[in-house]
Amino acid sequence: MRQKIAAGNWKMNNTLEESIALANELVAAGSPEGVLTILGVPYVYLDKINQIVSGAPGIEVAAQNAHQALSGAFTGEISVKMLSSLGIKYVILGHSERREYFAESDALLLSKTNTALAEGLLPIFCCGEPLAIRKSGEHISYVINQLKASIFQLSAEDFKKLIIAYEPIWAIGTGETASPEQAQEMHAEIRAAIADVFGDELAQEISILYGGSVNAANAKDLFARADVDGGLVGGASLKSDVFIQVMNGFQ
Ligand code: PGA
């Protein structure tokens, strides 16, 4: 059975006080049986939030980015070594906002993924197409090419540590969700492409999350699809009552 995952991506939101309250509320609710909950927390709160969730079974913390070097003269940047020294286990890499606003290329993301894995961190690796590509009908080859240019170059041993998040850019923060059919179609294509490169057994083990306007109302329908193993959730992860419903959206 593949791991079911409800991942929140807090992005650049909330004060320390608000973040602590949110984490405490999620800990009080608890991660549902058989579900891994991962909170994508801003760097400055990682240590604090990690301490809060440390006693809660099934709740982990992720950084939202990390640098490709282990250390050095990179003012303002954060390394995976720093993250692992805090006991952080997960890191989101390749979010479309990083790709777009910070010009992160597939090659750079492969480098970040390699560095993270070498330091023992587990990446949640994002992919997804912009609206114009979806409209052109080229979305499947676009996403598979993102993967070919990055994580498909890993060894099988490394690749199987990844969580993949498919996040169509046109659905992020727009309120327009991919339909469960659209999500399932892409997830099945991604899994088939993984099977081509790494074999079917490994492909069946990889959790593929859907991201893009997941909320309390649509999570159940999305998560019910055969190849949708959970969600990477932005806006709906910022309110505990809403995110708790998403966490409970698995059958
Ligand atoms: P959203 O963001 O749920 O607010 O659309 C998802 C994401 O960017 O990970």
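How many disulfides does the count come to?

Mentor: The count comes to zero disulfides. Some ground rules first. This is a predicted model, where local features need pLDDT of at least 70, side-chain atom pairs count only at pLDDT 80 or more, and totals for chains, interfaces and linings use all residues. Residues are numbered from 1 along each chain as its sequence is written, and side-chain values use heavy atoms, with hydrogens and water left out.

Now the cysteines. A disulfide is a covalent bond between the sulfur atoms of two cysteines. The rule here asks for a pair of cysteine sulfur atoms within 2.5 Å. For Cys126, the closest cysteine sulfur is in Cys127, 7.5 Å away, so a bond is ruled out by distance. Cys127 is likewise too far for a bond, with its closest cysteine sulfur 7.5 Å off in Cys126. Are they buried or exposed? Cys126 is buried, at 1% relative accessibility. Cys127 is buried too, at 4%. Buried means under 20% relative accessible area, exposed over 50%, and partly exposed in between (1.4 Å probe, protein chains only).

What do these cysteines line? Cys126 and Cys127 both line the largest cavity, along with residues including Gly94, Ser96, Arg99 and Glu167. Its space is about 40 Å³. The structure holds one cavity of 30 Å³ or more. Helix 4 (residues 96-101) and strand 5 (122-127) each supply at least two residues of that lining. Helices (H or I, at least four residues) and strands (E, at least two) are DSSP runs, numbered from the N terminus.

Cavities and pockets are found on a 1 Å grid over the protein atoms alone. In a cavity a 1.4 Å probe fits but cannot get out; a pocket is an open set of points with protein on both sides within 12 Å along at least five of seven lines; lining residues have an atom within 4 Å of a point. Points are joined across faces, edges and corners, and a volume is the space filled by probe spheres set on them.

The pocket holds about 400 Å³ of space. Its lining has 15 residues; Lys11, Met12, Gln64, Arg98 and Phe102 lie nearest its centre.

Ile151 sits in the loop between helix 7 (139-148) and helix 8 (156-159). Ile151 is buried, at 0% relative accessibility. Beyond neighbours within four places in sequence, the contacts of Ile151 include Phe125, Leu110 and Phe198. Contact means heavy atoms within 4.5 Å. The C-alpha atoms of Ile151 and Asn114 are 8.9 Å apart, though 37 residues separate them along the chain.

Finally, strand 3 (residues 59-63). Five of its five residues are buried. Ile59, Val61 and Ala63 point one way, while Glu60 and Ala62 point the other. In a regular strand the side chains alternate between the two faces of the sheet. Strand 3 runs parallel to strand 2 (residues 35-40), joined by four bridges. Strand 3 also pairs with strand 4 (residues 90-93) in the parallel sense, over two bridges. Strands pair if DSSP finds at least two bridges between them.
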